[in-house]
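Welcome, and thanks for taking a look at this one with me. Please keep the 3D view open while you read.

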Amino acid sequence: MQDSPLNIVRGRDVSFIKEVEAESGQNVSNCYQCGNCTAGCPAAFTYDMQANQVMRAVQLGLKDKVLHSQSIWMCLSCSTCSLRCPNNIDVASVMETLRHMARRENIVAVPRMDKFWMSFLNTVQAFGRSFEIGTMVLYMLRSLRLTTDVDLAPAALSKGKLGFKPHVIPDGGAKAVGRIFKRYQERAKREGVRP
């Protein structure tokens, strides 16, 4: 169903626009809808709203629509959109900001993607960098998709793409990364946000 002009006006949240701009450091009003971000996006086929549509919805202050969008969760953070923007808007930063805002409001439009992100971050917190098999196992347990991509494991293992042991950062680097996560989790707890 298309948004009527009346519904757009009713759903407009001007403070949302300012909040997105402040957190992302980007002036979203500079977006003039050229579509370059959408044209170059490798994940566009998974989006319910294309990158330029997300930017337009932010410009209109459509907080509920944007934060419930699957697109902000499917974004790869590859920054192709940002590189293609003729106005030098870091669209990827805006998408990441929106994902953080949605998380703070306990809105997760794509729960499997959230489970994957948390699994990935848990291994980074523990080892200072990604541990692929650990990420895969945590994701499979969290999502209850216990046979997901298991058929790919033999080929990946034979090519040395998956190690059974994590690569730990030397000289206490993993502990330093762990302290960053701990500070974030403490802040999230103080602010009442799900880390």
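Below are some numbered points on the fold, its surface and a few side-chain pairs.

1. First, a word on what you are looking at: this is a predicted model. The protein has 195 residues, of which 38% count as buried. Its C-alpha trace spans about 55 × 40 × 35 Å along the principal axes.

2. What does the secondary structure come to? You will find 12 helices and zero strands.

3. Among contacts in the protein with a separation of 6 or more, 67% are between residues 24 or more positions apart.

4. Now the surface and the charges. The accessible surface comes to about 11700 Å², and carbon and sulfur atoms hold 56% of that area. The side chains include 26 positive and 17 negative ones, and the centres of these two sets lie 4 Å apart.

5. How many aromatic pairs does a search of the whole structure find? There are three. One of them joins Phe 116 and Tyr 139: the ring centres are 6.1 Å apart and the planes stand at 75°, so this pair is edge-to-face. Phe 116 belongs to helix 9 (residues 111–127) and Tyr 139 to helix 10 (residues 132–143), so the pair ties together parts that are 23 residues apart in sequence. Tyr 139 counts as buried, at 12% relative accessibility, whereas Phe 116 is partly exposed, with a relative accessible area of 37%.

6. Another aromatic pair is made by Trp 117 and Phe 120, also edge-to-face, with 6.4 Å from centre to centre and 85° between the planes. These two residues are three apart in helix 9, so about one helical turn separates them. Are they buried or partly exposed? Trp 117 counts as partly exposed at 25% relative accessibility, and Phe 120 is partly exposed with a relative accessible area of 26%.

7. Next come the salt bridges. Side chains of opposite charge can pair when their charged atoms come close. In this model the count comes to four salt bridges. One of them is formed by Arg 104 and Glu 19, at 3.7 Å from N to O. Arg 104 is partly exposed at 31% relative accessibility, and Glu 19 is partly exposed at 31%.

8. Arg 104 also meets Glu 23 in a salt bridge, at 2.5 Å from N to O. Since Glu 23 lies in helix 2 and Arg 104 in helix 8, this pair ties together parts 81 residues apart in sequence. Glu 23 is partly exposed, its relative accessible area being 38%.

9. A further salt bridge joins Glu 105 and Lys 63, whose closest N and O atoms are 2.8 Å apart. Glu 105 sits in the loop between helix 8 and helix 9, while Lys 63 is in helix 5 (residues 63–67), so the pair ties together parts 42 residues apart in sequence. Glu 105 is partly exposed, with a relative accessible area of 40%.

How values were computed. Residues numbered from 1 in each chain as written. Predicted model: local features only at pLDDT ≥ 70, side-chain atom pairs only at ≥ 80, totals over all residues. Heavy atoms only, no water. Helix = DSSP H or I, 4+ residues; strand = E, 2+ residues; numbered from the N terminus. Buried < 20%, exposed > 50% of the residue type's maximum accessible area, 1.4 Å probe, protein only. Contact = heavy atoms within 4.5 Å. Areas by Shrake-Rupley, 256 points an atom, 1.4 Å probe, with all protein chains shown as cover. Lys, Arg positive; Asp, Glu negative; His and termini not counted. Charge placed at Lys NZ, Arg CZ, Asp CG, Glu CD. Phe/Tyr/Trp six-rings, centres within 6.5 Å; stacked < 30°, edge-to-face > 60°. Salt bridge = Lys/Arg side-chain N within 4 Å of Asp/Glu carboxyl O.
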